[in-house]
Amino acid sequence: MDSHTIEFEINGKRASLEVVSHRTLLQVLREDLHLSGTKEGCGEGECGACTVLVDGRSVTACLTLAVEVDGCSVRTIEGESEGPDLSPLQEAFVKNHALQCGFCTPGMIMSARALLERNPSPTEDQIKEAIAGNLCRCTGYRPIIQAIREAAARRKDQSAKG
Amino acid sequence: MSEGLIGKGVPRIESFEKVTGTARFVGDMDLPGMLHGRMLLSPHAHARIVRIDTSKAESLDGVAAVLVGEELPYRLGLYMVDKPVLASGKVRHHGEVVAAVAAVSEEIAARAADLIEVTYEPLAAVFDPVEAVKPDAPLVHEDLHTYHTIKGVFFPRPHTNIANHARLRKGDVEEGFAAADAIVENEFSLPQVAHVPLETHRTVAHWKRNGAIEIWSSAQSPFAVRNLLSVALGMSHSRIRVVVPHVGGAFGGKAGIHLEPLVSLLSRKAGHRPVKLAATREEEFSTLPCRQGLVARIKTGVTKEGKITAQKIEYLWDAGAYADYGVNIGRAAGYSGAGPYDIDNVWIDSLTIYTNRPFGTAYRGFGHVEFFWAIERQMDMVAREIGMDSCDFRMRNLLRPGSVTITGEEITENTGSVEKCLEAVAAEVGWKERSSLGSGGNGKVRARGIAVLHKAPAMPSNTAISAILKFNEDATVDLMISGVDYGQGTATAFCQMTAEHLRIPMENVHFIWNKDTDRMPYDWQTVASRLTFMGGNAVIRAAEDCVSQLKDMASRALDVPVGDLEIQDGKVFVAREPARSIDYRALVMGYMFPSGNSIGGPVIGRGTCIAEGLTVLDPETGQGLPAANWTFGAHGVEIEIDTATGEIQVLKLASAFDVGRVINEALCRGQVVGGCLQGLGTALLETFIYNDEGCLINNSFTDYKIPTARDIPIETKEIFIETPQLNGPHGARGVAEHPMISIPSAVGNAIADALGVEIMELPLSPERVYLALKRKGNRD
């Protein structure tokens, strides 16, 4: 089988891997790099549970071939915060009860992260649009939307102060 | 007693793990030597298996085991033991598992499954419960008369497709109809739908060489998995260990037993190596169970003053190919299926019927979402028939203190109030003012609808749960209870109750997450909105047991009677001299006097709860006590219907439940907001679609849509009524399933109220609404 050496940045660290051409980014993240925070919900790009950031844009890792991220910067939920600390986005999810079973949560946070990077002050409709590809069967989405609004407001406050 | 923590909306205790992606689910597990499983599915709805050739699959490098049904003489089931581990002799639905493979990688396992050659001989099939009860219908289970079931509780009819026939008889319906001024008869139906947990069913199993089995599974009920497997395999319970880590949504679809036996048997055949099997999304739709379909026929007699005199109901449940759990849904509809109304004369026949479709199981609401679609649509139609406001009509007939339910249970002041729920939502959506509703313009019409609901836990009369509280040296306490929290928030509620009753900070309560039948005390199943109610009682009793042990030691240490002692802030103290106190730390491992003499010992509290007072129902009349508690509720909805496209937008949804007592305001609200949207999925979007051969053709997220963030109501209002449940923890009742119930009816009622079209089937998709409007236009 055809394999390639790819080099990319994963959560800020360099990685060099030998991957078979048909392996997906999701498989490589979960199986080779043991980053199991990214979940598989459907394997066909419809549920968003495997959302990660590639060069700041949100993609479904199950529909992305690992070879495609050669030379790119990849961010997963494991890169969102370190140690006992949470990112403001994660804190807003906790405070607003924006999670129940937790299976969609990593992908949801990554979609929210991508949104806030490109649009620091999203409207409610823009938030809904940004997470419309992330299915959640538990929360009814309302607390998730609220959490993202709150995280955006907090970022704005901080940048105003800074 | 002050109740500082009870009712507070504290964030769920497992938030950190879940927002950081470190919460461990079954799919994240990896064991040394672990193999990967793959299933081969039937392409036919009903076919004889003529031959299975596994030779090519077996000779593929990396394949460790290939299993077929002929090798597995085991049958499974919770209430009706009708399910083989793998199809044997014949397949009964499209998507049924015919063979399975274990191999060193997922890819090889998939390739090996493709190499298995199966020759089928298609059989005549039946896809409709109405057809399936006809005398000449093809039989789905020829051997029904040989299946084990619970005698005196379930009533299969041998040599037919009827897996259970539940009967309810109260009063005399013919007399009731004779006394009526109007009689309204209607038929309603709804299709099968899927639970759609984001995590598909996943199991890791290791059948060890010493004959013991270890299982890690995305299950709702570790002890039910162990028990059913033990019964099916004829193995001691003590030889089977079931562990449940975090579970990514369940909604009833992970109750009972699913992939666990197959994966265990694959492991045995694969030389005792552990095997992991993760259902694909397609398998989650076609192979794992769904929610049953229903055809409901209702005849209601009513006086011109609006009193219901009689109600005769026939429920025909489309169980699909297996009814191991489904028979109890039909039974629950038998004892609960007239709604929260005070009616003297009721007759219900609830038939659970086999067809050649994927099979149904428990799904949030356990039959009530389905039959309330019929009951609450019918109530509006009856009110319209006699020219009465449908809210007033309901108010005239609702259960209230002194009413007797259809099984003969008397409603008291403490049962809960459906009237208050209906009043609250009617006021919230402005039901009485709806004539002033403006139009949205451009052919858009605004409409309001209401509906009520009730549900009790559907469970055996000996359902039990237990909890253990085990103190650590630093006076933190480990909470062990086997009810699974797959998102409901019960774990957090239990920690609140524990902290409250032990008078310690909540962070000193350590909830043990991996539910493990080897290490945890017994629980029946995490189903039926019973966990906060029954588990809460067990937790409180365990805490009280600890307190009594702590006070007993303190009484001897301080030389005062136990009755003079109080607890607060992690201390036992003398009520009249608070300065005389002992910190829990000095007690939890036993108390040592200054002399060195020691008394007591490590503090371990034990609490149990059993469903006291329930009875088996009379087989002919259904009379008896089936309900540990009733949770009542109501929804009011305001929608905008685009008459040009049939699309519906939900502008406002108000929902009220008599929960007895809110334990955690935020998580309780979370159950309602989430459950209501799931109900809107059933109302507006979701349905299984089959081709003529009975193959499920929308078994993917591309073709089966659930609500997204763009489909949520513009405004929601959650209202909690608190009529304390006398035997509930702090007065609480369950509310996990109830938010989903009667949402479809409220929307259907709104459409009928505003546009005069009576839609009898779900979902209320744009296509169905548009066509109904068009038909009406043609008629007018």
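Modeller: Happy to. Let me begin with a term: buried area is the accessible area (1.4 Å probe) that two parts lose on being put together, summed over both. This is a predicted model, where local features need pLDDT of at least 70 and side-chain atom pairs count only at pLDDT 80 or more, while totals for chains, interfaces and linings use all residues. Residues are numbered from 1 along each chain as its sequence is written, chains are lettered from A and ligands numbered from 1 in the order in which they are written, and side-chain values use heavy atoms, with hydrogens and water left out.

Colleague: Great. What is the area buried between chain A and chain B?
Modeller: About 3900 Å² is buried between chain A and chain B, and carbon and sulfur atoms give 58% of that. On chain A, Gln100(A), Arg137(A) and Arg142(A) supply 22% of the area buried against chain B, more than any other three residues.

Colleague: And how many residues does the contact take from each chain?
Modeller: Chain A gives 45 residues and chain B gives 55 residues, with contact meaning heavy atoms within 4.5 Å.

Colleague: How many salt bridges are there between chain A and chain B?
Modeller: Five salt bridges are counted between chain A and chain B. A salt bridge here is a side-chain nitrogen of Lys or Arg within 4 Å of a carboxyl oxygen of Asp or Glu. There are also 22 residue pairs in polar contact between the two chains, both residues at pLDDT 80 or more. A polar contact is a pair of N or O atoms within 3.5 Å; within protein, one must be able to donate a hydrogen and the other to accept it, and residues adjacent in sequence count only if both atoms are side-chain atoms.

Colleague: Which elements of chain A give two or more residues to the side that touches chain B?
Modeller: Those are helix 1 (25–32), helix 2 (88–95), helix 3 (105–118), helix 4 and helix 5 (142–161) of chain A. Helices (H or I, at least four residues) and strands (E, at least two) are DSSP runs, numbered from the N terminus. The residues on that side of chain A divide into 21 nonpolar, 13 polar and 11 charged.

Colleague: How accessible is Glu129(A)?
Modeller: Glu129(A) is partly exposed, with a relative accessible area of 48%. Buried means under 20% relative accessible area, exposed over 50%, partly exposed in between (1.4 Å probe, protein chains only).

Colleague: Back to helix 5 of chain A. What covers its buried residues?
Modeller: The cover includes helix 2, helix 3 and helix 4 of chain A together with helix 15 of chain B. Among the buried residues of helix 5 are Pro143(A), Ile144(A) and Ile148(A).

Colleague: Switching to chain B, is helix 14 mostly covered or mostly open?
Modeller: Mostly covered: 20 of the 28 residues of helix 14 of chain B are buried. Helix 14 (residues 531–558) reaches 39 Å from its first C-alpha to its last, close to the 40 Å expected at 1.5 Å a residue. The expected span is 1.5 Å times one less than the number of residues. Just after helix 14, Asp559(B) takes a positive phi of about 60°.

Colleague: And His368(B), buried or exposed?
Modeller: At 1% relative accessibility, His368(B) counts as buried. His368(B) is found in helix 10 (residues 368–385) of chain B, and a polar contact of 2.8 Å joins its side chain to that of Ser336(B). Leaving out residues up to four places away in sequence, His368(B) touches Ala332(B), Ser336(B), His454(B), Lys455(B) and Ile741(B).

Colleague: Last one: where is Thr643(B)?
Modeller: Thr643(B) is in the loop between strand 29 (631–642) and strand 30 (648–658) of chain B, and is partly exposed at 28% relative accessible area. A polar atom of the Thr643(B) side chain lies 2.5 Å from the backbone oxygen of Gly443(B).

Note on methods: Ala, Val, Leu, Ile, Met, Phe, Trp, Tyr, Cys and Pro count as nonpolar, Asp, Glu, Lys and Arg as charged, and the others, Gly among them, as polar.
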